[in-house]
Amino acid sequence: MATSSTPAENPVVFFDISIGNQEVGRIKIELMANVAPKTAENFRKMCTGEFLVNGKPTGYKGCSFHRVIKGFMLQGGDYVNGDGTGSISIYGNMFPDENFTLKHTGPGVVAMANSGPNTNGCQFYITCAPCEWLDNKHVVFGHVVEGMKIVRMIENVMVGESNKPKLPIVITQCG
């Protein structure tokens, strides 16, 4: 996992999670703004509601995890279409890969989901294991500092076609 800096340098954000309409707990994520400041800021503003679209706060509150692969990762953040096809960022529709300094070293790594080089938007994933084959393809910008138990609960939800969870997994609150 990425090493932590001081809390003053790197913000910590949270997701309150429900599975099947039952609140299960909170995940806290340290954003590595000291390494990937633009990517961390995009994610932070979508957590806090500071990102405005037509004057309305827009972001992860109410968004679901639409893809879960046990032993690999949890993907969420598509509050545009809800199915992994949507993209928006604080910088426009998409923004370029910032860097590939941080690596997919273990469970709890948070990185941008993309559809190829320089296609970062609102979607992200949290790893459930080391995923070194994703290094230099996806920008890692954070790591779970509290709530890995919740990550494991999400990881173990039954899935159907296209690894879509059979129960809704929702970010009920974030900041």
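How many nonpolar, polar and charged residues are in the lining of the largest pocket? The views below start there. This is a predicted model, in which local features need pLDDT of at least 70 and side-chain atom pairs count only at pLDDT 80 or more, while totals for chains, interfaces and linings use all residues. Residues are numbered from 1 along each chain as its sequence is written, and side-chain values use heavy atoms, with hydrogens and water left out.

**View 1. The largest pocket and its lining.** Seven nonpolar, 12 polar and one charged residues make up the lining (nonpolar: Ala, Val, Leu, Ile, Met, Phe, Trp, Tyr, Cys and Pro; charged: Asp, Glu, Lys and Arg; polar: the others, Gly among them). Of these 20 lining residues, Q75, A113, N114, S115 and Q123 lie nearest the centre of the pocket. A pocket is an open set of points on a 1 Å grid over the protein atoms alone, where a 1.4 Å probe fits, with protein on both sides within 12 Å along at least five of seven lines; lining residues have an atom within 4 Å of a point.

**View 2. T127 in strand β8.** The strand, a DSSP run of E with at least two residues, covers residues 124–127. T127 is buried, at a relative accessible area of 0% (buried means under 20%, with a 1.4 Å probe and protein chains only). Beyond four places in sequence, its contacts (heavy atoms within 4.5 Å) include F72, H104 and V109.

**View 3. I154 in helix α2.** This helix, a DSSP run of H or I with at least four residues, spans residues 148–155. I154 is likewise buried, with 0% relative accessible area. Setting aside neighbours within four places in sequence, I154 touches I17, I19, I27, F65, V68, L74 and I169.

Terms used:
Buried means under 20% relative accessible area, exposed over 50%, partly exposed in between (1.4 Å probe, protein chains only).
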